[in-house]
Amino acid sequence: MAEVLLYHHIQGLTDGVRAFADDLRQAGHTVHTPDLFDGRTFASIEEGFGFARDKGLDALRERGAAAADGHAPGLVYAGFSFGVTIAQRLAQTRPGARGALLMDSCLPVSEYGEAWPVGVPVQIHGKEGDEFFDEDLPAARELVGSTGAAELFVYPGDQHLFADSSLDAYDPEASRLLLERVRAFLASV
């Protein structure tokens, strides 16, 4: 079974993110969910972004990276949207990363290095009409084209944060398929 460090999105550690983590735990995985917003959640992306901007986006990302300290190597780094900025960085820069799950976002590999690390599998998930993911889709395709250890899954629809069951953007069918693919990924790493 895998040990996962799962980073929440810009609306905080919502009940939907907690439920996603619990689904993975029920499959036998150990899942850590650091709360970078100290219990605060937000009704909209705009409100969450305003809070994060006030606190300092870079400071919050550093706090997220520090949450990995104290864990043994061999983690799967996972994130939803804003959390991807932390998970992807750790997967690319921390020795011993076991894998990465990038949901609703993907940054260019060049943000954190020259190439995706050899032997670190990655899955990327997003909606084809999501205005935020659409911006990241070229980077996701480039990452997938650069390594045989990457998979990209693009779902129909335009919802951002579609796997968070506590938000209006929740898409039960796409979320079920994403969770199925994530479970298969974790079982293989």
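Of the contacts (heavy atoms within 4.5 Å) in the chain with a separation of 6 or more, 64% join residues 24 or more positions apart. This is a predicted model, in which local features need pLDDT of at least 70, side-chain atom pairs count only at pLDDT 80 or more, and totals for chains, interfaces and linings use all residues. Residues are numbered from 1 along each chain as its sequence is written, and side-chain values use heavy atoms, with hydrogens and water left out.

Six helices and six strands make up the secondary structure, taken as DSSP runs (H or I, at least four residues; E, at least two) numbered from the N terminus. Their order along the sequence is β-α-β-α-α-β-α-β-β-α-β-α.

Buried residues (under 20% relative accessible area, 1.4 Å probe, protein chains only) account for 50% of the 189 residues. A nonpolar core here is a set of buried Ala, Val, Leu, Ile, Met, Phe, Trp, Tyr and Cys residues joined through side-chain atoms within 4.5 Å.

| Core | Residues in core | Including |
|---|---|---|
| Largest | 33 residues | Tyr 7, Phe 37, Trp 116 |
| Second, separate | 24 residues | Ala 2, Val 17, Val 76, Val 182 |

In the largest core, Tyr 77, Val 122, Ile 124 and Leu 143 are also among the residues with the most contacts inside it. Elements that each supply at least two residues to this core include strand E1 (3–7), helix H4 (82–93) and helix H5 (131–146); H4 gives the largest share, six residues. Beyond its neighbours within four places in sequence, Trp 116 touches residues including Gln 88, Val 109, Val 122 and Leu 143.
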